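Here are my notes on the model you asked me to look over. Have it open beside you as you go through the points.

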Amino acid sequence: MHSKNVVKPIDTSGLVGLVAWFGVLLKPYVPSCLLIGLCILLQVGLYVTYPLGFRTIFDTVIPFKNLDLLVKIMVGLLVLFVVCGLAAVAQARLASDVGSKVMRDLRARMFEQLNRLSSSYFMKVDSSDLLSRFSLEFASIEAAYVRALPALIECVLVVFGCLLTIAIVDWRIAIVTAILVPLSFISGKVLGPRVDGLIYQKIGFESGMLGVLQESLHSRPIIRALGTEKESIRKFAISNNNLMTASTGFGFYASLIPLSSLYGVNVILVTIVGAGAALVINGGLSIGSFFGCIGLLGSVAAGASSASSLYAVVMAASQKVRRVNDLITAEIEVNDRPDAIALPVFTSEIHFENVNFGYTQEFPILKDLTCSIKAGTSVALVGGSGSGKSTMVNLIMRFFDPSSGTLTIDGTDIRDATQESLRGQMGVVMQDAYLINASIAENILVGKLDATQEEVEEAARKAEIHDFICALPYGYSTLVGENGGFLSGGQRQRIAIARALIRNPSMLLLDEPTSALDPSTEASINHSIEQLARDRTVIMVTHRLNSVQRFDKIFVLDQGQIAEEGNHYELLEKRGLYSQMWDKQTGVSTAADGSVRVTPERLKSIPIFSKVNLDQLASIASNFILEDFEAGAVLMKQGDLSEKFYIIFRGSLDVLKVDSEGHESRIAILDEGDHFGEIAVIKHVPRSATVRARKKSTCLSLNRTHFMTLVRNNPELLEELDEYIKLRQ
Ligand SMILES: Nc1ncnc2c1ncn2[C@@H]1O[C@H](COP(=O)(O)OP(=O)(O)OP(=O)(O)O)[C@@H](O)[C@H]1O
Ligand SMILES: [Mg+2]
């Protein structure tokens, strides 16, 4: 059962809902709000009373030439204006003070919520959408609540106050005004829904454009490397144009509302002046009262016209408030139970019991998985791409909860423990080091904020990076750059290991920590990890079987289930999946100078080379060259003639088929040790599929010319190959 978030959603589609939503945020600032209310009332009082001064001037001062009274009225009005002017300044000061504090509180609530939300939320909402809620939406909400709402309240009070005064002066004019003024709001009512729809569309395009921008900044190196800047610019232009179209529609309809109400109000004003004049002639209305009413009507007209523009600004925030509110009230799926306990220090075992899990309901990933990880041991999770290795780690960290089955640590279901106590025992290192743009020391301190300099150095020593740091001119104060860009991949990972170790975790979880590193750096980091495994539980996900040869236990995952388990030697003896993976991965050796060679024996295990003798294979092995591919790079394009045969040394590749309508679908994933391209090379025919790197990958490639030399030297090979191709097709 998922526990629900405590904040109740409020319906913010109408003005009342919007004000109620803001009212909740205003709670801590009631005294300031009361003062703002007082300032507004004072100003309303001015608008309502000063036209009455005109009445006295016309009815008493002018006919009776009473200059004393005129001076008193003028002084009175002057004092009134000064007081109200001061009230307006005080109101502006208080409103901006309260407004910015409320906005600060709201941002803080949103950010806290972001940090509490479960990983599943971030699968549904992308980061540019969230960024837009903090920036674009926020600007509109601030404009609505901090500036427009107090002014709207003031305008409404002015309109009602003036109507009331007109009623006191002459009830007949008040009734005509009360009937006609609401007509000026009709345009708002009619156009409002259209404007709402356009705002929603505009927000979508704005956040879409942020997405393109973010993606382009994030993938800048690969865009440069592949020369796809034009495609990037084209995508941006599309989203920029969409935004322009939506903005044009929105700008037009949004400006129609105040415009039509301004004209409407003026027509009403003229009508009422006519009616008033008729009353002066026939109905016993004094000329002073008539001018007084006209002054009041002017305030009503100005108030009503401003109110409709301000109303549009407040309502424009409605969709944006909804999106911010959706974030604040989003359900936190992985939540601490009210009676959650602090998990004691891990001493016995992590146990998966019939665990089923899928990121979505339709696609189960882990299927009835049962396994135990003993405390103090080193455990590896290996298996093909997508077999569920990282998913197991995600469940141990409780980023997600199993859909059925249990995951216990020392017999306690981890859903019964607080997340803080669970994760407090874990050190985590992932494929990406995720360094912050700060100093090395600050990056290590992220693991334990209150650690001392000695602890930082101790962790760095264990991660075998202390000496390197000390040799830097600024030592631990050296800045690492954005995403650790000033450091090498290996140094970044060692800092990430130090960051994990500083909390002295009882479990160290490593998800392909070395997959982006070159072989010699990988070997040296693996050595460090082996040292660390001596006094804690280590759970490592990896594709490199030689990294885990000395691990106590290896779980081999296949399609979300444990296919085999045991240590390296036990698994080799089984001659099952693990041993097949091992065979594929061995036979590619790394020399001391970092160069990589495929062995003739390894080539012989590939069907197209199986009939070639080892001497010839040794010569062809020397023709293989090493090629690096960034994530997303296309190695072969469907339909193109291919000149190369590849063996994957590091990484993993997608094999994709593009149908006649241009839709792409994945037909296979190729992993380390797999090979491809043989048919296209042998027959020199167009490629039947596209091959693209899923992550940074390295392949050994053999050019067709070398391959054809081999065929020329072994004419009988052609027949064999024909047979092989027939079998494959
Ligand atoms: N956040 C996610 N949302 C939806 N599906 C996901 C998510 N993460 C993983 N998957 C899917 O779950 C399956 C298992 O993924 P997982 O990351 O556990 O595989 P893996 O064994 O770690 O693979 P790799 O070796 O490529 O890292 C894959 O089919 C993947 O597409
Ligand atoms: Mg993974």
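This is a predicted model: local features need pLDDT of at least 70, side-chain atom pairs count only at pLDDT 80 or more; totals for chains, interfaces and linings use all residues.

1. Strand 1 has another partner to look at. Six bridges tie strand 1 to strand 2, again in the antiparallel sense.

2. Now for the overall layout.

3. What sits around ligand 1? The residues there are Met123, Tyr359, Ile365, Gly383, Ser385, Gly386, Ser387, Gly388, Lys389, Ser390, Thr391 and Ser652. Sorted by class, that shell holds three nonpolar, eight polar and one charged residues. Helix 13 (residues 389-396) supplies the largest share of the shell, three residues.

4. Back to strand 2 (residues 366-374), where Asp368 is worth a look. Asp368 is not a glycine, yet its phi is positive, at about 50 degrees. For context, most residues other than glycine have a negative phi, and most peptide bonds are trans. Asp368 has 15 other C-beta atoms within 10 Å, so it comes out as partly exposed.

5. You will find Tyr434 in the loop between strand 6 (426-429) and helix 15. Is Tyr434 buried or partly exposed? It counts as partly exposed, because it has 15 C-beta neighbours inside 10 Å.

6. On to helix 16 (residues 453-462), in which Val456, Glu457, Ala459 and Ala460 are buried. Viewed down the axis of helix 16, the buried residues fall within an arc of 160 degrees, so they line one face of the helix. What do the buried residues of helix 16 pack against? Their partners are helix 15 (440-445), helix 17 (466-471) and helix 18 (489-501). Just past the end of helix 16 comes Glu464, with a positive phi of about 55 degrees.

7. Gly99 is in helix 3 (residues 67-116). Why does Gly99 count as buried? A residue needs 20 or more other C-beta atoms within 10 Å to be called buried, and Gly99 has 20. If you set aside neighbours within four places in sequence, Gly99 is in contact with Glu142, Tyr145 and Val146. Take Glu142: Gly99 and Glu142 are 43 residues apart along the chain, but their C-alpha atoms are separated by 7.5 Å.

8. There is also an open sheet of four strands, in the order 13-20-15-18, with antiparallel pairing. Strand 13 (625-629) and strand 18 are at the edges with a single partner strand each, so each has one side without a neighbour in the sheet.

9. Strand 15 (residues 644-650) is mostly covered, with six of its seven residues buried. Strand 15 runs antiparallel to strand 20 (residues 697-703), and six bridges join them. Strand 15 also pairs with strand 18 (residues 675-676), antiparallel again, over two bridges. Ile647 lets you see both pairings: Leu700 stands opposite Ile647 in strand 20, while His675 is its bridge partner in strand 18. If you want another pair to locate, Lys644 is opposite Asn703 in strand 20. When you follow the side chains, remember that in a regular strand they alternate between the two faces of the sheet.

Note on methods: Residues are numbered from 1 along each chain as its sequence is written. Chains are lettered from A and ligands numbered from 1 in the order in which they are written. A residue is near a molecule or strand if its C-beta atom, placed from the backbone, lies within 6 Å of it. Ala, Val, Leu, Ile, Met, Phe, Trp, Tyr, Cys and Pro count as nonpolar, Asp, Glu, Lys and Arg as charged, and the others, Gly among them, as polar. A residue is buried if 20 or more other C-beta atoms lie within 10 Å of its own, exposed if 12 or fewer, and partly exposed in between; C-beta atoms are placed from the backbone. Two strands pair if DSSP finds at least two bridges between them. The arc is that of the directions from the helix axis to the C-beta atoms. Two residues are in contact if their C-beta atoms, placed from the backbone, lie within 7 Å.
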